[in-house]
Each structure stands twice: as structure tokens, then as C-alpha cells.
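Hi,

Here is the structure I promised to pass on to you. Have a look at it first, and then read my notes below.

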Amino acid sequence: MNHDRYDDAFIRSVLEGVSTIAIVGASANAARPSYFVMKYLAERGYRVFPVNPGQAGKEVAGLTFYGTLKDIPEPIDMVDVFRAPEHVPAVLDEVLALVPLPKVIWMQLGVRNDEAATRAEAAGMQVVMNRCPKIEYGRLSGEIGWTGVNSRTISARRPKLLGGGVQRLSISRGPQGQK
Amino acid sequence: MSEREPGFATLAIHAGAQPDPTTGARATPIYQTTSFVFDDVNHAASLFGLQSFGNIYTRITNPTNAVLEERVAALEGGTAALAVASGHAAQHLVFHTLLTPGDEFVASRKLYGGSINQFTHSFKSYGWNVAWADPDDISSFERAITPKTKAIFIESIANPGGVVTDVAAISAIAKKAGVPLIVDNTLATPYLWNPIKDGADIVVHSATKFLGGHGNSIGGVIVDAGTFDWMATDRYPFLSKPRPEYSGMVLAETFGNFAFAIACRVLGLRDLGPALSPFNAFLILTGIETLALRMAKHSENAQKVAEYLVAHPKVAWVSYPGLSGDRYHALAGKYLPKGAGAVFTFGLKGGYEAGVGLVSNVELFSHLANIGDTRSLIIHPASTTHRQLSDEAKTIAGAGPDVVRLSIGIEDAADIIADLDQALAKV
């Protein structure tokens with residue numbers, strides 16, 4: 001698969017197809033990008049499991065940190081990697097050992113490791129690299145435009161409210177005319 | 001439609017404007033409110049910490065303004081934008097984000113007179129020091145750069161004289177110096193020219209002019225090209241250093257290639273306060289929907305008027321880059337294939353008296369100090385905007401006694417020409 005660019009339809013299908021997300025390299029510091037992503041995804045209805053050996057057992061923003069992926073007590077659909085590219089193979093080894101196997105490995109903006117991607121795809125996983133799931137969710141829902149950011153999407157279909165408040169949108173869009 | 005790139009006219013209508021999620025309103029609603037209720041306490045905390053996208057207070061974000069921002073970002077090919085109260089406010093916030101007291105920036109000396117004033121006087125009192133360079137001598141930009149230089153500022157088409165700036169050449173100088181290139185694209189608009197494609201890192205607009213296009217609203221826009229690496233140096237601390245306002249967050253690290261637009265918003269607009277009225281944003285947005293049609297017509301009309309004037313016996317010279325003999329014609333061929341814009345100057349053989357006579361005798365042209373309206377506009381700078389200057393100073397500023405500036409509207413070209421013709425007959 002080409003990892004230089006992704007169709008919006010592919011990213012949308014990835015984000016719609018997962019409900020549990022482990023974030024490897026998540027930070028407990030509220031000023032760090034990984035904290036932003038973990039909190040945002042949790043607020044958008046995903047069940048988020050931060051993974052960081054230094055923070056194991058700690059509870060931050062209502063989420064419990066785990067020391068390693070295998071410590072998470074339930075099946076994980078997607079692993080989001082906040083580690084430098086050279087650490088991705090080791091993370092992937094841990095991912096491939098999980099039962100059941102997660103559907104998606106997602107490497108953050110600035111993180112790309114093509115060799116690891118090939119291995120993950122050979123094992124039947126979907127791979128996204130050098131993207132941020134918060135930005136992608138914000139783009140596809142249209143929320144990111146609330147901050148003046150170019151979503152690079154246009155649609156004449158009405159966005160759906162996600163629920164849990166008025167300032168949250170879903171990335172799903174119904175057919176034209178749907179209430 | 002994500003799998004193919006929409007064209008300019010499609011983006012001008014659709015970018016940023018999905019139907020309203022709560023009411024289904026198709027036109028962008030005017031969210032004329034100061035504030036927005038929070039979903040709950042956690043949501044409020046996320047918004048104040050910049051962890052969630054959303055609205056708190058119209059000084060910082062507003063859903064109507066946000067549609068304008070995303071639309072201009074899309075049309076310019078930028079990553080994000082910020083809409084503010086005026087073009088001058090846009091420049092203020094850009095420089096506030098880049099410079100600290102004692103810093104310098106290099107600016108073209110061929111700029112809108114209001115920008116020359118802003119840079120010379122107001123910015124000076126902040127300790128932001130301008131060094132002038134000449135767009136007709138590209139090497140003068142290189143010579144003006146010192147270790148204190150933090151940015152270069154130019155206009156793509158310079159007001160008022162129809163000057164076309166070699167943006168790509170100046171971008172190469174900016175890249176070599178490791179500073180961002182700021183381009184004011186007001187006169188060209190993204191329909192005629194996308195300076196980001198030629199190396200601009202930041203684009204600013206007076207949306208008052210052709211973007212709004214109907215002479216009814218003051219507004220400004222800052223576009224982040226997403227091209228400058230703020231983390232490569234420690235010279236731009238607003239972007240690359242932990243911000244105490246946001247518990248140590250590093251904006252360039254957190255917001256990546258749209259960090260500059262975010263910094264202008266959460267540090268500049270939040271604290272300095274030149275917010276755009278949502279009503280003005282609505283009017284400017286409505287104007288942008290017809291930008292492609294209008295700019296094509298503005299340029300077509302201006303070309304016809306310039307050709308008429310250059311052949312008129314009472315006209316000494318015409319400075320319009322669309323004319324084949326013009327000194328900027330070659331640059332216009334490179335940068336402005338769709339038209340050379342609608343604002344230009346010409347000189348009358350009868351000098352000052354003829355200039356006064358012309359503006360006194362036009363019927364269709366409006367005699368006023370603006371540009372970029374549907375209506376054709378005229379001004380004789382020597383008797384109005386530049387009245388206080390000596391004759392010599394007027395000439396240096398491109399406002400000599402014989403100079404008349406036109407902003408050609410989208411009326412019928414024959415009527416525009418007929419009005420000039422009857423007025424010229426009387427001077």
C-alpha cells in the first residue's frame with residue numbers, strides 16, 4: 001500500500017472501524033501532544049488505554065496508564081505509536097504478540113518506518129504512518145475548521161452531532177436529506 | 001470529493017462551509033454571539049487548554065469567522081488561517097508573533113501607504129525596525145538583511161502603481177537567510193496568484209478589498225503556508241519555546257504545520273484583541289463565493305481601460321502590467337496569466353490641475369480612498385491622500401501631481417471608458 005498519501009475514505013474507514021485504542025508513549029503531562037491526542041480521542045467516544053512504563057497504574061484525565069501493551073486487560077483495535085521511528089520495530093513486536101491481533105497500527109505525525117509497515121501488513125494489519133488521529137478525526141468531522149485549519153474536505157451533507165454536547169461532531173455522514 | 005482536488009470556483013463556494021449541524025442551515029449562519037456554553041466542565045478545560053477544537057469567546061474563535069478562515073486558507077493553498085478586524089490588524093498580529101523589541105524586518109519600499117506608515121511609525125514604537133528594499137532591485141533585499149532580520153515583507157502586486165514583485169526570487173533570499181517570507185496578496189487575490197506556490201510562508205490580506213469585493217466590510221486574514229520550520233532555530237520563541245500562558249506548551253511541536261496561525265490566534269488575537277465581527281465575516285464570505293467571476297471581469301475591464309488610456313492624447317503614461325510595453329509585463333506573464341488585476345495608475349499631461357479636473361468631472365467613478373469594489377473608483381493622490389507632502393516627496397511615493405489611481409469595477413467596460421472619456425474631454 002502507498003503510504004505517501006491516504007485517501008480520506010481509507011482514513012475514515014480506519015477511524016470508524018476501531019473502538020479501543022492503545023497509545024504507546026502517552027504522556028501524563030497536559031502540555032504534551034500525546035496527552036492532547038489521548039484526551040481528544042477519549043472525548044470522541046473511543047476507549048483509550050495510555051501505555052507508558054514510567055506511569056503504569058497512574059490515573060490521568062479519567063484514563064489508567066499501563067506499563068506495556070500486554071498488560072491491557074481487553075482486546076485492542078488500534079495501537080497509536082508516539083515513539084521515534086527507530087523504536088517502532090520493538091513496539092510492533094509487542095503488537096504482533098497480542099491476542100487477538102489489533103486491526104491497525106498507526107504511527108504519529110513525524111513517525112514513519114516502512115520496514116515495520118511491511119511486516120505489519122504481512123501479518124494482516126492496516127497501517128497508517130506520519131499522521132495524527134486527532135488531526136484526521138478533526139479534518140473528517142469538520143471540527144478542525146472551527147480553529148481556522150484547512151480540513152481539505154468539502155461536503156454538502158449535514159454533519160452529525162456526536163452526542164454528549166453540542167461542540168462534538170461525528171466523522172460519519174448520512175445520505176443527503178437524513179435527519 | 002476527497003479523492004480529487006476541487007477547483008478554485010468550487011472551493012470559493014464550499015471550503016469551510018458544511019451545512020449547520022444543528023439547524024441544517026445551508027448558507028453560513030451569522031453567529032452573532034459573544035460566547036458559547038460549554039458542554040461540561042471537562043469540555044471547558046479542554047478548550048482553555050487548546051486540547052479540543054471548539055468555541056469559547058468570539059474574540060478568539062467564532063463559527064462564522066472560522067468558515068471565512070478555512071475558505072481563505074483553502075483558496076491560498078495554506079494549512080490554516082486567522083480572520084481579524086482589518087488588513088492592518090493582520091499585519092500587526094503577524095509581526096507580533098515573529099518579532100521582539102530590537103528585531104528587524106526587511107520590507108519592499110513599494111507598499112500600500114498605510115503599511116509604510118504602520119511599519120515606519122507604529123512598529124517603531126514596539127522596537128520593530130524596518131529596513132527598506134527595492135523590488136525593482138532584488139539584490140537590495142539581500143543587502144538589507146542583518147543578523148537581526150526576522151522576516152521579509154512584500155506585496156505580490158504592489159499598490160498603487162501596478163508593480164509586479166518577483167516573489168520566487170525574493171523567496172530564495174528569504175530561504176537563504178532562514179527567515180519567513182510574508183506576502184500581502186490583497187491586490188492579486190488567490191484567484192490571480194497563489195504566492196505560497198512561489199515560496200511565501202505567510203500570506204496576509206486586506207479582505208476589505210477584492211475578497212469581500214463589495215465595499216461594505218473591513219476585515220483581514222492571515223494565512224499560514226505551513227512551510228516554515230519554526231523548531232529549526234530559537235529565533236521565534238512564540239513558536240519554539242514553552243509558553244507560560246499554556247502551561248509550558250510548545251506551539252510548533254503541538255500544532256505542527258499550522259502552528260503559526262494558532263500562535264497568531266492564541267497569543268496575538270487573544271491578547272491584542274482585534275477580532276472580526278461575525279457579520280463582517282458573513283459579508284466577506286458571501287463576496288468570496290463570486291471571487292472567480294469578479295476577478296476575471298475586474299481584470300478584463302482593467303485591461304480594456306488601460307488600453308483605452310494609453311492611446312488617449314491627454315494621457316502621458318499608464319502603469320498597468322497587462323500592457324505589452326509595461327516594465328512589469330514579463331513578470332505579469334509569469335505570475336499573472338489570468339489577468340493583471342484592477343488597480344493601476346496613470347499620468348495626465350496636464351499635471352495637478354488636470355488630475356483635479358478629472359476627479360471632479362467623473363460621473364460613474366466614485367472619488368474615494370478605497371480599492372477592490374464592484375464599483376469603479378478613482379483618486380488623485382496629490383490632492384488627497386498625499387496632500388501634505390512636498391512635490392518631490394509626492395513623486396518618490398508614486399503620487400506625483402499628475403498621477404491618478406483607478407480601481408476598475410465590474411460595470412460594463414464601455415460605460416467605464418465612456419465616463420473617463422467625457423471627463424478627460426473637460427480637463
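**Where the two chains meet**

In this model, 53 residues of chain B are in contact with 44 residues of chain A. Before you go on, please keep in mind that the model is predicted.

How much area do chain B and chain A bury between them? The figure is about 3,600 Å², and 53% of it is on carbon and sulfur atoms. On the chain B side, B:Gln18, B:Gln51 and B:Phe53 lose the most area to chain A, and together they make up 22% of what that side buries.

There are also 17 residue pairs in polar contact between chain B and chain A, counting pairs with both residues at pLDDT 80 or more. If you want to find the parts of chain B that touch chain A, look at α1 (8-14), α2 (41-48), α3 (63-76), β1 (80-84), α10 (251-255) and α11 (259-272), which each give two or more residues to that side. Sorted by type, the residues of that side come to 23 nonpolar, 21 polar and nine charged.

**Salt bridges**

Side chains of opposite charge can pair when their charged atoms come close. Searching the whole structure gives 24 salt bridges over all chains, and three salt bridges are counted between chain B and chain A.

In one, A:Arg32 forms a salt bridge with B:Glu253, with the closest N and O atoms 2.7 Å apart. In another, the side chains of B:Asp39 and A:Arg168 meet at 3.6 Å, N to O. Why does this second pair join two chains? B:Asp39 lies in the loop between α1 and α2 of chain B, while A:Arg168 sits in the segment after α5 (133-141) of chain A, so the pair links one chain to the other.

**Chain A by itself**

Chain A has five helices and seven strands. Starting at the N terminus, its elements follow the order α-β-α-β-β-β-β-α-β-α-β-α. The C-alpha atoms fill a box of roughly 45 × 35 × 30 Å along the principal axes. A compact globule with 179 residues would have a radius of gyration near 16 Å, and chain A agrees with this because its own value is 16 Å.

UniProt, in an unreviewed entry, places the feature "domain: CoA-binding" at residues 15-111 of chain A. That span is 23% helix and 23% strand, and its end C-alpha atoms lie 18 Å apart.

**Chain B by itself**

Chain B comes to 17 helices and 14 strands. Its radius of gyration is 22 Å, close to the 22 Å that the globule rule gives for 427 residues, so chain B is as compact as a globular protein of that length. Along the principal axes, the C-alpha trace of chain B spans about 70 × 55 × 40 Å.

**Two backbone details**

Most residues other than glycine have a negative phi, and most peptide bonds are trans. With that in mind, here are two spots to check. A:Val99 and A:Pro100 are joined by a cis peptide bond, with omega at about -5 degrees. You will find A:Pro100 in the loop between α3 (88-96) and β6 (104-107) of chain A.

Where is B:Leu50 found? Look in the loop between α2 and α3 of chain B. The phi of B:Leu50 is near 65 degrees, which is a positive value in a residue other than glycine.

Terms used: Residues are numbered from 1 along each chain as its sequence is written. Chains are lettered from A and ligands numbered from 1 in the order in which they are written. Side-chain values use heavy atoms; hydrogens and water are left out. Contact means heavy atoms within 4.5 Å. Buried area is the accessible area (1.4 Å probe) that two parts lose on being put together, summed over both. A salt bridge is a side-chain nitrogen of Lys or Arg within 4 Å of a carboxyl oxygen of Asp or Glu. A polar contact is a pair of N or O atoms within 3.5 Å; within protein, one must be able to donate a hydrogen and the other to accept it, and residues adjacent in sequence count only if both atoms are side-chain atoms. Helices (H or I, at least four residues) and strands (E, at least two) are DSSP runs, numbered from the N terminus. Ala, Val, Leu, Ile, Met, Phe, Trp, Tyr, Cys and Pro count as nonpolar, Asp, Glu, Lys and Arg as charged, and the others, Gly among them, as polar. UniProt positions are given in the numbering used here, feature names are shortened, and annotations may be inferred rather than shown by experiment. The radius of gyration is taken over C-alpha atoms; the globule rule is 2.2 Å times the number of residues to the power 0.38.
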